[in-house]
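Work through the exercises below with the model open. Try each task before reading its solution.

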Amino acid sequence: MTDTLIRKTGRAGRITLNRPKALNALTHEQVLSVEDALDEWATDPEVRLVVIDAAGEKAFCAGGDITALYEAGRAGDLEGPRRFWREEYCLNAKMATYAKPIVTFMQGFTMGGGVGIGCHASHRVVGDSSRIAMPECGIGLVPDVGGSFLLARGPGFLGEYLGTTAHRMGPACAIRATFADHYIPEDQWPDIIAGLEEDGIVQLVADRARDPGESPLTPLQDRIDAHFGKDSMAEIASSLDSEDSDFARDALKALARVSPLSACVTIDLIRAVRAKLTIHHALEMEYRFTHRAVEKGDFLEGIRAAVIDKDRNPRWQHDGIADVAQSRIDEMLAPLGASEEETT
């Protein structure tokens, strides 16, 4: 079975992720094949737009193929994971700056690497089943694939909240947080895709969009800003601990599950990206962390606990957020010098 179905249909370049049993987790080979297709279609006059969807009902793309990265890292192969991340980030940058419209249809889970291939498109469609999240801190990474750029664009300090707690966004929340553009009931998607293929007119997407209703995050915005606007992750945790509310307790519970190092770095990462707010700067900053993640971060332990042994009991490098020194945060985001790689 082909993992990625790539073809031209009418006026559309068509990409369908086709690993439904693996929740369409993105492999290195898929990254390369999608980028090749985009390169070819960029100068093809027959292709007016690109449509990306995925097989199955459970997920558009639930992340990257992290088991392969874990196995490489355990074998002492640092360059293999680094190459994957570099080439994945190049694809993310290409999608974010592509000259032709790209329309993505994101049903079910869209997480991690799925955000990279789904949420940098020019027209991003969600439906009732859509659940979008950046759960990287839970496996010892930081929000990457350009996720820090999306998080930095959200209202107030919503990005800091979403990036550290891995909160799952439904359609209204995804639109509010800048991860999606249009809510359309999923039973209409096949008809819309057929129309895009036939005419190549992207306005059809906006014409069929509906109001998703108010995001559940909207009434929480002031509270999110009050806590997650603090200067550091340690201060955020302390602020949450001082409040007696379900929101604060739930946030602290979520933060207790993630790598303290990753959570602390994520706050500094999002704010560094927000200062310049370009996809290229975001990917450069993210790569500084992922370049070091296998060797110096909590990545291998996070994958072991979540995916390999599935004991859900990771032994992080730090006992808690308060134990992470600023020097460690700075180290993970420091320029790579001679190893600084082009990801854009």
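**Exercise 1.** Find the residue that stands opposite Cys 61, then describe the sheet around this pair.

*Solution.* Step 1: Cys 61 faces Thr 110 in E6. The model is predicted: local features need pLDDT of at least 70, side-chain atom pairs count only at pLDDT 80 or more, and totals for chains, interfaces and linings use all residues. Residues are numbered from 1 along each chain as its sequence is written, and side-chain values use heavy atoms, leaving out hydrogens and water.

Step 2: E4 pairs with strand E6 (residues 109-111) in the parallel sense, over two bridges. Strands are DSSP runs of E, at least two residues; helices are runs of H or I, at least four; both are numbered from the N terminus. Pairing requires at least two DSSP bridges between two strands.

Step 3: The open sheet has three strands, ordered E4-E6-E8, with parallel pairing. E4 (59-61) and E8 (131-133) are the edges; each has a single partner strand, so one side of each lacks a neighbour in the sheet.

**Exercise 2.** Determine how many residues of helix H6 (residues 158-165) are buried, and what they pack against.

*Solution.* Step 1: Eight of the eight are buried, so H6 is largely enclosed by the rest of the structure. Buried means under 20% relative accessible area, exposed over 50%, partly exposed in between (1.4 Å probe, protein chains only).

Step 2: Their packing partners include helix H5 (147-153) and helix H13 (260-276). Contact means heavy atoms within 4.5 Å.

Step 3: Just after H6, Ala 166 takes a positive phi of about 60 degrees.

**Exercise 3.** Is His 318 buried or exposed?

*Solution.* His 318 is buried, at 12% relative accessible area. Its loop runs between helix H15 (299-308) and helix H16 (326-333).
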